[in-house]
Structure formats: C-alpha cells, structure tokens
Amino acid sequence: MRRARAAHTTAVTGWGLAAVLLLAACSSPAPMPRIEEPVVVPPTIEAAKAAAPAPVIPVTWPLTGVAGEPAARPALAVKIENTAVARPQAGLEQADVVWETIVEFDVSRFVAVFHSQTPGEVGPIRSVRPMDPLIVAPLHGLLAYSGGQPGILDEVVASGVQSLSHDRGVAGMYRVSARSAPHNVYGNPQAFWDQVDGEHQAAPQEQFDFARSPERASAVTGGTPAAPLAFRLSAASSPSWTWDGTAWLRSEGSNPATAASGARLSATNVVAITADHPDTGYGAQGGAAVPTYSLVGSGDAVVATGGQTIAARWQKDAPDAPLRLVTADGASVTLAPGNTWVELIPAGKGSLTVS
C-alpha cells in the first residue's frame with residue numbers, strides 16, 4: 001500500500017515538473033532592462049573671430065587736410081610783396097599756406113604755397129630772402145621769385161628746391177603795365193608747374209597735423225574763445241584776424257584785406273610762431289641789414305581755429321624738416337582741414353594780443 005502511494009506521488013511530481021518545463025518553454029522570455037547610453041555633447045568651440053577691419057583713413061590734400069585726390073605735382077611757393085602799393089595781390093585767396101615774414105625796413109612779405117588750387121595769376125612777385133629756404137626746404141618743390149643777392153641764391157640752391165627766378169628768364173613770369181616796377185612782376189602758376197624737373201615732381205609731404213573734422217581740431221576741443229587776433233610784427237606791419245563764425249578774416253591795420261579778385265582774405269587756421277629775428281651779413285639799400293628767422297629749434301606758438309586759441313610749442317629739427325606744433329607735454333596739435341596762415345613774430349620785437 002505504501003509502495004503504491006509512493007509511486008503515485010512520484011508520477012504526479014514528474015508530471016508537474018514536465019508541465020512546468022513545458023510552460024516555461026512556451027512562454028516569451030521577459031525583456032531585459034534597457035540601458036541608456038550616455039549622450040556625449042561635444043564642447044562648443046567658437047569660430048575664430050575675424051580681425052577688426054582697419055580704420056579707413058580718408059585721402060586728403062597734404063597741405064590742407066581736406067579730403068580729395070591730391071594732384072601729382074609738387075608744391076609751388078611764390079614770394080609775394082605786401083606793401084600798400086602791392087595790394088590787392090593776385091592769387092593769395094587760393095594758397096594752401098601763407099607765411100608772413102618781416103624783411104628789411106620792417107616790411108612784410110609773404111611766402112604763398114600752392115598745391116590744391118591753381119590760380120590764373122599770382123603777384124606781385126618779389127626777391128628771395130634768407131628765411132625763405134628754411135620755410136620751403138621741407139616741401140622739396142618749386143620756389144618762384146624775382147631775383148636775389150648771390151649769397152641768398154646759393155642758400156636757395158642748397159635747400160633742395162627747384163629755383164624759378166625772373167632774373168634768369170624763367171617762363172611764365174612777366175611784368176604788367178598796370179603797376180610800376182618793381183611792383184609789377186606777376187606769374188602764371190601752371191606755367192611754373194609745366195617746368196618741373198625730374199627731381200621735384202613728387203607731391204609734398206604733410207607739413208602740419210590735421211584733425212579729420214573741424215570740431216576735432218586741438219584749439220576747438222581744448223582752447224579758449226578768442227576775440228580778434230591783433231599782431232604787431234613790426235613798426236610797419238600790424239595785421240589782425242577776426243572770427244566770423246566760419247573763418248578768420250584778415251585785415252591790414254583797420255582795412256579789410258582782399259585779393260585782386262575781390263575775395264576777402266581768410267584762413268581756417270592762423271598759427272603764430274615766435275622766433276628770434278637776427279640780422280644777417282646781407283645788406284640792403286642804404287646799408288640796412290637783411291634779417292632772417294632762427295627756425296631750427298623750438299619756441300612758443302599760438303594756434304587759432306574755430307574762433308578759439310590754444311597755446312603750443314613749435315619744433316623744427318633741421319632746415320629741411322617740417323615745423324611741427326605740439327603741446328607742452330609733446331602731444332601733436334591738430335589743425336582743422338583748410339588753409340593756414342602762419343604769422344612769424346620777431347621775438348622781443350613783435351607781439352600777439354588776444355583780447
């Protein structure tokens with residue numbers, strides 16, 4: 001009886017095991033848990049930044065700082081008389097720069113420099129003086145004059161400019177019948193430029209530093225308002241300049257200064273240079289000494305632009321170096337784009353009054 005039960009139990013157990021195995025075989029296996037792969041985010045690498053574009057510097061005329069395409073020709077300096085019988089002069093209103101100097105007998109004469117404009121006529125043209133080579137040598141251009149003493153002519157040649165003298169029969173210089181000699185020598189600037197030689201064809205280098213716009217000029221940004229500029233260059237020469245809101249207007253004493261064209265003589269910038277004014281070994285009529293200016297070195301200056309003035313220093317390192325304008329700490333003084341008149345004040349004898 002016990003043996004029968006045991007067999008039955010065994011049979012049942014075997015059948016149950018078989019059923020379990022069969023059920024396991026017929027069932028789908030349980031899915032394995034999904035393992036997410038980590039997402040790798042590459043580091044952000046900024047593209048190399050493009051270099052900042054170089055500032056665009058406008059092309060300007062070198063003697064005025066005015067925007068434009070400079071003509072491929074040299075600067076032309078012309079020695080022009082400034083006595084009462086010489087006024088009104090021809091062409092001064094078209095000069096880029098005019099230098100006013102005092103020669104013998106306290107007389108004022110101009111060195112008018114042309115480059116951006118071409119007057120039809122200039123004059124009266126007078127003889128060269130010892131300070132002229134110091135003024136024009138940095139331009140390395142042309143110097144037109146009516147003649148001069150042998151020693152001074154040698155200084156002109158040594159300065160490196162091309163000499164154009166009426167006494168040597170230069171083309172384009174002539175006498176007019178409307179005035180008496182020696183106040184009647186005039187010239188044609190284009191005829192002078194037509195005679196340029198192979199060593200003087202280049203345009204001049206910039207002689208002063210210019211701001212890009214009038215409101216950025218040094219006297220405008222850091223100067224003080226100025227009433228008329230009253231100069232006493234000599235006993236016979238007292239020019240003045242008055243700001244009219246647009247330009248400085250020139251007067252000879254109390255008389256408005258005009259050109260032969262009728263245009264009022266004016267300037268965007270007026271620069272006062274104080275320098276020693278020694279006599280030279282050259283003599284004039286009656287034994288009068290011919291002076292010059294000591295322009296290699298440094299000294300006091302005043303710059304007038306936009307109705308304001310600023311104190312400055314002038315610096316000229318060599319006869320053929322440009323005259324530079326700087327502040328007391330050596331920073332460059334910039335002018336407004338436009339024409340410039342330079343008043344050379346004899347130290348100890350002349351003066352500038354700004355009221």
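## About the model

Residues are numbered from 1 along each chain as its sequence is written, and side-chain values use heavy atoms, with hydrogens and water left out. Since this is a predicted model, local features need pLDDT of at least 70 and side-chain atom pairs count only at pLDDT 80 or more, while totals for chains, interfaces and linings use all residues.

## The largest pocket

Rolling a probe the size of a water molecule over the atoms shows where empty space is left. Here the search runs on a 1 Å grid over the protein atoms alone: a cavity is a set of points where a 1.4 Å probe fits but cannot get out, and a pocket is an open set with protein on both sides within 12 Å along at least five of seven lines. Lining residues have an atom within 4 Å of a point. Grid points are joined across faces, edges and corners, and a volume is the space filled by probe spheres set on the points.

The largest pocket has a volume of about 370 Å³. Its lining holds 24 residues, and R109, R126, S127, R129 and Q285 lie nearest its centre. That lining divides into nine nonpolar, eight polar and seven charged residues. For this sorting, Ala, Val, Leu, Ile, Met, Phe, Trp, Tyr, Cys and Pro count as nonpolar, Asp, Glu, Lys and Arg as charged, and the others, Gly among them, as polar.

About 70 Å³ of space lies in the largest cavity, whose lining includes W99, I135, Q207, F208 and K316. Nine residues of this lining are nonpolar, one is polar and one is charged.

The second largest cavity has a volume of about 50 Å³. Among the residues that line it are L63, V97, W99, I135, Q207 and F208. Here the lining divides into seven nonpolar, one polar and no charged residues.

## Strands side by side

Follow strand β18 (residues 297–305) to see how strands pair. Strands are DSSP runs (E, at least two residues), as helices are (H or I, at least four), numbered from the N terminus; two strands pair if DSSP finds at least two bridges between them. β18 pairs in the antiparallel sense with strand β15 (residues 269–275) over five bridges, and A272 has V302 in β18 as its bridge partner.

β18 also pairs with strand β19 (residues 308–316), in the antiparallel sense over nine bridges. In this pairing, G299 stands opposite W314 in β19. β18 and β19 form a hairpin with two residues between them, and G306 in the turn has a positive phi of about 60°.

## Rings and a charge

The model has four aromatic pairs. Rings of Phe, Tyr and Trp (its six-membered ring) pair if their centres lie within 6.5 Å; planes under 30 degrees apart count as stacked, over 60 as edge-to-face and the rest as tilted. F110 and W341 form an edge-to-face pair, 5.2 Å centre to centre with 80° between the planes. F110 lies in strand β3 and W341 in strand β22, so the pair ties together parts that are 231 residues apart in sequence. F110, W241 and W341 form one aromatic cluster.

Elsewhere, R73 lies over the face of W193, at 3.8 Å from the ring centre. A charge sits over a ring if NZ of Lys or CZ of Arg is within 6 Å of the ring centre and within 35 degrees of the ring normal.
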